[in-house]
Amino acid sequence: MIRAAQWLATALYPWPRGKRLKNGLALMIDPKKRWIDFNLAIRSHYEEGTLSLIERLLPENGVFIDVGANIGVMSTFAARHVGKAGLVLAIEPDSTNFARLTWAREKNFLPQMLPLPIALGGQKVMAPLRQSPDGDGGLSSLADIKGFKEHGIVAVSRMDDIKLW
């Protein structure tokens, strides 16, 4: 049943493309390649429990840091919640995810969301980013994991070294 639904979702539309979710936010998804995107294409939501927790605990005008922001499911939701006086740091080293993250920022009019194309680590260096064998950009690592393939070089920074003002 899931495979049939996945085939149908990917066969009927050109991907990647923008998708408006149940919560009203738009994200750029590609369900042919990624499980998260498939869930978003079929259900129009993802991790509603986590989003509910963000809504309950994050104050308006607050600060939210999303490390490994992916395509922006949590970041866009948090940015809309904190409002224009808040701040969301959306840290995403994968170039494909980062492009979709910045698309979501612009499409949803979220200037309070600041996407950063870096990885976080213990020191400032340039390092290879490795991606899972299935090419799912949601599963990337700086660590040398068996089967993961190098997907480019990224800037690595310490959180303490990020200057916002």
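Analyst: By class, the lining of the largest pocket has six nonpolar, seven polar and one charged residues. Here Ala, Val, Leu, Ile, Met, Phe, Trp, Tyr, Cys and Pro count as nonpolar, Asp, Glu, Lys and Arg as charged, and the others, Gly among them, as polar. Please keep in mind that this is a predicted model, where local features need pLDDT of at least 70 and side-chain atom pairs count only at pLDDT 80 or more, while totals for chains, interfaces and linings use all residues. Residues are numbered from 1 along each chain as its sequence is written, and side-chain values use heavy atoms, with hydrogens and water left out.

The largest pocket has a volume of about 150 Å³, which is the space filled by probe spheres set on grid points joined across faces, edges and corners. Of its 14 lining residues, Gly-68, Glu-92, Pro-93, Gly-138 and Ser-140 are the closest to the centre. A pocket is an open set of points on a 1 Å grid over the protein atoms alone, where a 1.4 Å probe fits, with protein on both sides within 12 Å along at least five of seven lines; lining residues have an atom within 4 Å of a point.

Two strands, β6 (119-120) and β8 (140-141), each supply at least two residues of that lining. Strands (E, at least two residues) and helices (H or I, at least four) are DSSP runs, numbered from the N terminus.

Leu-120 has Ser-157 in β9 as its bridge partner. On β9 you also find strand β7 (residues 125-131), joined to β9 by six bridges and running antiparallel. There, Pro-128 has Ile-153 as its bridge partner.

Now for two helices. Helix α5 (residues 95-107) has buried residues Asn-97, Phe-98, Arg-100, Leu-101 and Ala-104, where buried means under 20% relative accessible area and exposed over 50%, with partly exposed in between (1.4 Å probe, protein chains only). Seen down the axis of α5, these buried residues fall within an arc of 165 degrees, so they line one face of the helix; the arc is that of the directions from the helix axis to the C-beta atoms. The face turned away from the buried side carries the exposed residues Ser-95 and Glu-106.

In helix α4 (residues 73-82), eight of the 10 residues are buried, so α4 is largely enclosed by the rest of the structure. Just after α4, Gly-83 takes a positive phi of about 80 degrees.

Key. Pairing = 2+ DSSP bridges.
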